[in-house]
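Dear colleague,

I am passing on to you the structure that we talked about, with the sequence alongside.

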Amino acid sequence: FLITFPLFLNESIYSMIGNTLKRLHPRLSQSRSFQTHYGSWINGASYSPSNAPTYSVVDPARLNHLCTIVDADEATVDMAVKSGRTAFEKGDWRLMDVRDRAEILNESARRLRERVPEFA
């Protein structure tokens with residue numbers, strides 16, 4: 001459960017939001033494990049330029065820091081677009097039968113639906 005809020009919100013607002021979310025969905029009080037740092041996912045790997053700005057992600061239900069995420073600059077976005085283009089042009093997905101792609105997407109959707117409370 002990840003939500004980012006601007007830093008100017010004060011702690012009482014975080015507390016109010018967190019308490020409301022916990023009341024509406026009790027599973028939010030359960031702990032979850034996160035990596036401490038997330039970069040841009042490019043070509044099957046996490047990519048984080050050393051000079052890229054980072055942002056803190058705060059869990060409003062508990063007011064604790066969950067992780068940091070990296071802001072993608074123009075060069076990182078270009079790298080991701082080129083990687084995606086290459087994967088499309090040379091990858092198996094484009095050549096796969098539409099029924100097989102539909103089966104993969106439907107199975108992915110089914111698995112996500114099973115975990116909706118974790119993402120809500």
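What follows is a summary of what was found, starting with confidence and ending with the surface.

Please keep in mind that this is a predicted model. The mean pLDDT of the protein chain is 76, and 70% of its residues reach 70 or more. Over residues 1-11, however, the pLDDT is below 50, although this stretch still has 24 contacts in the model beyond near neighbours in sequence. Where pLDDT is low, the predicted coordinates should not be read in detail.

As to the overall make-up, the protein chain contains 5 helices and 5 strands, and along the sequence these elements follow the pattern α-β-β-β-β-β-α-α-α-α. Of the contacts in the chain with a separation of 6 or more, 58% are between residues 24 or more positions apart. Buried residues make up 17% of the 120 residues, and the accessible surface of the chain comes to about 9000 Å², with 57% of that area belonging to carbon and sulfur atoms.

The sheet comes next. Three of the strands, in the order E1-E5-E4, form an open sheet with mixed pairing. Strand E1 (37-38) and strand E4 (54-59) stand at its edges, and each has a single partner strand, so one side of each is left without a neighbour in the sheet. Strands of a sheet pair through backbone hydrogen bonds, either parallel or antiparallel, and the pairings here can be described one by one. E1 and strand E5 (residues 64-70) run parallel and are joined by 2 bridges, whereas E4 and E5 run antiparallel and are joined by 6 bridges.

Most residues other than glycine have a negative phi, but Asn 43, which is not a glycine, has a positive phi of about 55 degrees. Asn 43 lies in the loop between strand E2 (40-42) and strand E3 (45-47), and at 68% relative accessibility it counts as exposed. The other is Leu 63, again not a glycine, with a positive phi of about 60 degrees. Leu 63 is found in the loop between E4 and E5, in a hairpin that has 4 residues between the strands. Is Leu 63 exposed or only partly exposed? At 32% relative accessibility, Leu 63 counts as partly exposed.

Finally, there is a nonpolar patch on the surface, formed by Trp 93, Ile 104 and Leu 105, which together have about 290 Å² of accessible area. Leu 105 lies in helix H4 (residues 98-114). Leu 105 counts as exposed because its relative accessible area is 51%, and the cut-off for that class is over 50%.

Key
Residues numbered from 1 in each chain as written. Predicted model: local features only at pLDDT ≥ 70, side-chain atom pairs only at ≥ 80, totals over all residues. Heavy atoms only, no water. Patch = residues over 30% accessible without salt bridge, like charges linked within 9 Å, V, L, I, M, F, W, Y side chains within 5 Å. Areas by Shrake-Rupley, 256 points an atom, 1.4 Å probe, with all protein chains shown as cover. Salt bridge = Lys/Arg side-chain N within 4 Å of Asp/Glu carboxyl O. Buried < 20%, exposed > 50% of the residue type's maximum accessible area, 1.4 Å probe, protein only. Contact = heavy atoms within 4.5 Å. Pairing = 2+ DSSP bridges. pLDDT = per-residue confidence, 0-100.
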